[in-house]
Every structure is written in C-alpha cells, then in structure tokens.
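Hi everyone, thanks for coming.

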Amino acid sequence: MTDALGTDTDIVGIGGRMSTWANHSEGTWHLPRPAWLAGAGRKGRRVAPGLALAVAVALVATGLGRLVPVVGGPVFAIVLGAAAGVLIKPGDRLVPGIGVAAKPVLQLSIVVLGTGLSLQQVVQVGAGSLPVMLGTLAVALVGGWLLGRALGVGGGTRILISVGTGICGASAIAATTAVIDAKRHEIAYALGTIFVFNVVAVLTFPALGHLMGMSDQAFGLWAGTAVNDTSSVVASAVSYGGDASSYAIVVKLTRTLLLVPIVLALAIWTAHRSARAAGGGQRNLRDVPWRRVVPLFLIGFLAAATLDTLGLIPDGWHPTLSLIGTFLITVALAGVGLTLRPAEIRGAGARPLLLGGLLWVAVAGASLGLQVLTGTL
C-alpha cells in the first residue's frame, strides 16, 4: 500500500487479493470486474454478431410469413438464411452466434411452445382421437423407415420427414434435430418436404372433406392428424367452416404431446449409439450423461405444459407466448439456413420429396380408415 497521496493499493477480500486503482483527489475507485462477468462479456461479444444476423433474417421471414401464411415464417427463414449464407459466407466472426441460434435458441423455442399445451385438454380429447393419432404416427414412423430405405433416403432425413409428417411439422423437426444431431441439408430436406405437402393439404383437404360429407368434428380430427404444421391445420379447418377449426386445434395440440415419447426414444437411441461408437462397441447407456438421455429442453416442455394445465399461465399470455415460440423457431431455422450450402442438398435429388409425398398420402388415408374403424367418421 502506498502513502496517502499514492495511487496503487491492494485490497484483500473474500475472493482473494485484488489490485485496484485509487485516486484520492478525485474520490474514485476502479474495481476490476469478477472473472465470470468478464468471461460472460467476452462470450456475449463473440455471439452477438452472428445471433443478430439470424434475428434479422428471422424478422424478414416473419414478415413474409404474415403475407403468405400458408408458407410460414420458419420455411422463409431457412430459405432466406441459405441465400444470405451464400452471399455473406459467414466467417469466424459470425459462426459462434449462428451456432447459438441453431441449437440453444431452437431448444428454448420448444419449451416456450409447451406453454400453449393444456394436459387437461389432452385428456378430454384423447379418448376419441388417441387411436387415430397413434395409428397415423405408427404409419408415419414405420412407413418412413421402410420407404426411406427402399428409396435410399439417408437416416437423418428419413427420421426428420417421418417425425415431421407423423406429429407436427416444423416443431417436431426442430425438437428431433436437437437430439439426433441432424445435418444441415437433412433439416432443409425435411422442412422443404413438409412445406410442400402443407400447401397441398390446405388447398385440397376442405374440398375433399365436403365431397365426402364429413362432419365438422370428423374433418377437425382428419386435419388435426393428417396435416403437419399448426398454421396449416388452422388454415384448412377454417376453410372447411363450422366448428371444425376449434376441434382440429385441440387435436393438433394433443398430437404435439407425442413429441415427448418420440424425442425421448430418439435421445436414448442416439446416446446408446454414441456410447457404443466411443467405446468400440463395449460401452452401454449407463456410461452416458443423463442429460444426453433425457434432454433438458424436453423437461422444460413438460414443465411449461404442466404450468399451463394448472392455470398458472394467464389465458391472455397465450397469444404472445405462441408468437415468441414461433419466432424463436424462426431464428433457429435462420441459423440453420445461414450455414447451409447448396452443394450439400443437390445429391439426394427428388427422393426426399417422394418419400414425403408417399408418407403424406399414407397418413391421410390411415386417418380416414381409422376414423371408419372407430366410428368417428
């Protein structure tokens, strides 16, 4: 310690010995920031540019999605992100933030979307719609596996298209991507395929429903189990008219809950495969950290749904939370698009699209057939 007019002084505190600067004449002290705060600041500076770019792309995509709702913001995001990536060619300065957008933000989006799912509604609707939902999911998963292998579609693409078709489109693809470490071009294939058949469903389902003389409830169940993204379910059911939309939305939300067992099973399968690969075939699932087997975002999704079921999330918050969840997915897919390269998606040609088309027809037909068998048509 120096004299009373000196400058350098040492302070010994709880955290150890810290150097500081004292200027008695001005009456100011300059204390160093804690190490964790400095580290957080450095990380924030690394992440900010790329994350800001993903958010900017998502904002434009969201605006376009409002203008063309049948396409939606998430699809626009991956297309615009891919175009921006080709033009900008993100380097070391942008890559960390884009990576945060593509994975942690994506996982957070699934948690937020859980706030719109009431488990009470699931129980009320489940008795009538569960056989149809489980049947169509089985058709999508088994059909995707068999047809995908026959068509030579890669494993990651096959899984994403199957889960997206069987459950809830982009949200299911996002959740599945978070646990199977899907490649960027596989995500693009799956989203593109889901988008095409969402558009086809919105344009054809209402006319087909009227042609078959379906009741509002029967059409709502058909749309809720055979159309993928929520926006497309709503669009087709509203076009049909009557009470079809309200029933279709509840069925769709109930179908979303099937994400939990499917994603959990995929997480266990992925962790087991990684463990065997790392241990030369000798390791087993017990050697894998529990967070790889039970993803934290899945726990968060269930916790959010539980809060909504208990009435702890005010009804007035639901529209805003839904918008936030959709925007976070849009940011995440913008991040995926920014790292996508056209050369990565040219090899598969039309095979993923053919797989998606065959699955879509199979699921739509299975939904109608199961309604006949269960007496709900």
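Predicted model: local features only at pLDDT ≥ 70, side-chain atom pairs only at ≥ 80, totals over all residues.

The crossing of helix 4 past helix 6 is left-handed.

Which residues of helix 4 and helix 6 meet? From helix 4 we have Leu106, Gln107, Ile110 and Leu113, and from helix 6 there are Ser171, Ala174, Ala175 and Ala178. Sorted by class, that contact of helix 4 with helix 6 has six nonpolar residues, two polar ones and no charged ones.

Now keep your eye on helix 4 and turn to helix 14. The axes of this pair come within 8 Å, and they cross at roughly 160°. That angle makes helix 4 roughly antiparallel to helix 14. Here, too, helix 4 passes in a left-handed crossing. On the helix 4 side, the contact is made by Val105, Leu106, Leu108, Ser109, Val112 and Leu113. Helix 14 brings Leu321, Ser322, Ile324, Gly325, Thr326, Leu328, Ile329, Val331 and Ala332. By class, the contact of helix 4 with helix 14 has eleven nonpolar and four polar residues, and no charged ones.

While we're on helix 14, which covers residues 318–338, let me show you His318. Is His318 buried, partly exposed or exposed? Its relative accessibility is 23%, so His318 counts as partly exposed. Leaving out residues up to four places away in sequence, His318 touches Thr115, Asp308 and Ile313. His318 and Gly116 are 202 residues apart in sequence, yet their C-alpha atoms are 6.2 Å apart in space.

Last stop, helix 16, residues 351–374. This helix has 24 residues and reaches 34 Å from its first C-alpha to its last, close to the 34 Å expected at 1.5 Å a residue. Its buried residues include Leu355, Leu359, Val363 and Ala366. Trp360 and Gln371 are also among the buried residues of helix 16. A handy reminder for reading such a list: an α-helix has 3.6 residues a turn, so residues three or four places apart point the same way. After helix 16 comes Gly375, with a positive phi near 75°.

That's my tour, and I'm happy to take questions.

How values were computed:
Residues numbered from 1 in each chain as written. Heavy atoms only, no water. Left-handed = near helix turned anticlockwise from the far one by under 90°. Helix = DSSP H or I, 4+ residues; strand = E, 2+ residues; numbered from the N terminus. Contact = heavy atoms within 4.5 Å. Nonpolar A, V, L, I, M, F, W, Y, C, P; charged D, E, K, R; others polar. Expected span 1.5 Å × (residues − 1). Buried < 20%, exposed > 50% of the residue type's maximum accessible area, 1.4 Å probe, protein only. Axes fitted to C-alpha atoms, helices over the stretch in contact; angles between N-to-C directions. Parallel < 35°, antiparallel > 145°, perpendicular 65-115°, else oblique.
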